[in-house]
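Trainee: I would like to go through this model with you. Can we start from the terms and then work inward?

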Amino acid sequence: DLVVHPDLAMLHNKATKFPVYIDPALGKSAWTMINSAFTSQSYWSYDKQDCPAPYASIQCAKVGYTTEQQPMVYRSLFSFNIGGLLNKHIQDAKLSMDTVYSYNNTDHGTQVRVAGNISSSTNWSNSVNSWGAVQATANSHAYDRVRRRTEWGLSTAVRNAAGGTSKTLTLGLREVSESDVTNWKKFDASTALLTVTYNSYPNE
């Protein structure tokens with residue numbers, strides 16, 4: 001039998017946040033954005049650091065409709081390496097990240113959809129038609145600049161991906177309304193995590 005002995009000092013530490021997972025969550029392997037007004041522009045290494053104070057030093061994933069410079073829609077995409085999940089029994093899966101800015105202090109919905117793989121050449125024109133159906137929607141706001149962890153349940157999407165052959169799962173964020181400026185948000189891209197609970201099938 002496999003016996004796991006957790007670090008008791010860590011479990012008893014007041015700074016420890018529960019739940020505690022034995023397997024670490026998956027961090028993103030890459031991320032980018034697309035913009036409806038600049039359909040051929042790649043955001044792979046561009047326009048990622050304009051978060052409001054006190055978050056000016058982080059990379060912000062922008063989502064929704066804005067008129068700050070001109071009318072435009074941003075979407076953000078995150079890739080995760082799921083090679084270790086292929087052919088596993090997926091029991092639960094969640095995407096989470098911090099909302100750090102919103103247009104106002106009212107909750108608005110952000111959708112997650114499975115999208116095509118991303119690269120340094122990804123832009124609105126070659127990405128937008130690869131976005132699938134809505135997998136989950138989560139409400140959030142952060143007009144007061146208070147970080148709020150935002151979480152989407154993605155068990156079905158990850159289960160489907162684990163049953164395939166691709167070692168990469170790309171998840172796209174878009175606002176429920178892409179014509180209402182009050183839905184405009186920014187997320188801390190560095191906090192994007194895919195947390196998966198799974199088992200191996202017998203004889204594996």
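Mentor: Two strands pair if DSSP finds at least two bridges between them. Helices (H or I, at least four residues) and strands (E, at least two) are DSSP runs, numbered from the N terminus. This is a predicted model, where local features need pLDDT of at least 70, side-chain atom pairs count only at pLDDT 80 or more, and totals for chains, interfaces and linings use all residues. Residues are numbered from 1 along each chain as its sequence is written, and side-chain values use heavy atoms, with hydrogens and water left out.

Trainee: Which pattern does the protein follow along the sequence?

Mentor: There are three helices and ten strands. Read in sequence order, the pattern is α-β-β-β-β-β-β-α-β-β-α-β-β.

Trainee: What is the radius of gyration of the protein, and why does it count as compact as a globular protein of that length?

Mentor: The radius is taken over C-alpha atoms, and the globule rule is 2.2 Å times the number of residues to the power 0.38. For 204 residues the rule gives 17 Å, and the protein is close to that, so it is as compact as a globular protein of that length, with a radius of gyration of 18 Å.

Trainee: How many residues of strand β4 are buried?

Mentor: Buried means under 20% relative accessible area, exposed over 50%, partly exposed in between (1.4 Å probe, protein chains only). Across the protein, 45% of the 204 residues count as buried. Strand β4 spans residues 72–81 and is mostly covered. Its buried count is nine of ten.

Trainee: How many residues are in the hairpin that joins β3 to β4?

Mentor: Strand β3 (residues 60–66) pairs with β4 in the antiparallel sense, over three bridges. The hairpin joins the two strands through five residues.

Trainee: Which residue in β4 is the bridge partner of threonine 32?

Mentor: Strand β2 (residues 30–35) runs antiparallel to β4, and six bridges join them. In β4, the partner of threonine 32 is leucine 77.

Trainee: Is serine 155 buried or exposed?

Mentor: Serine 155 sits in helix α3 (residues 155–162). Beyond four places in sequence, serine 155 is in contact with Ile90, Gln91, Asp92 and Ala93. Its relative accessible area is 16%, so serine 155 is buried.

Trainee: What is omega for the cis peptide bond that joins alanine 53 and proline 54?

Mentor: Proline 54 belongs to the loop between β2 and β3. The bond from alanine 53 to proline 54 is cis, with omega about 5 degrees.

Trainee: What is phi of aspartate 47?

Mentor: Aspartate 47 is placed in the loop between β2 and β3. At 24% relative accessibility, aspartate 47 counts as partly exposed. Its phi is positive in a residue other than glycine, near 65 degrees.

Notes: Contact = heavy atoms within 4.5 Å.
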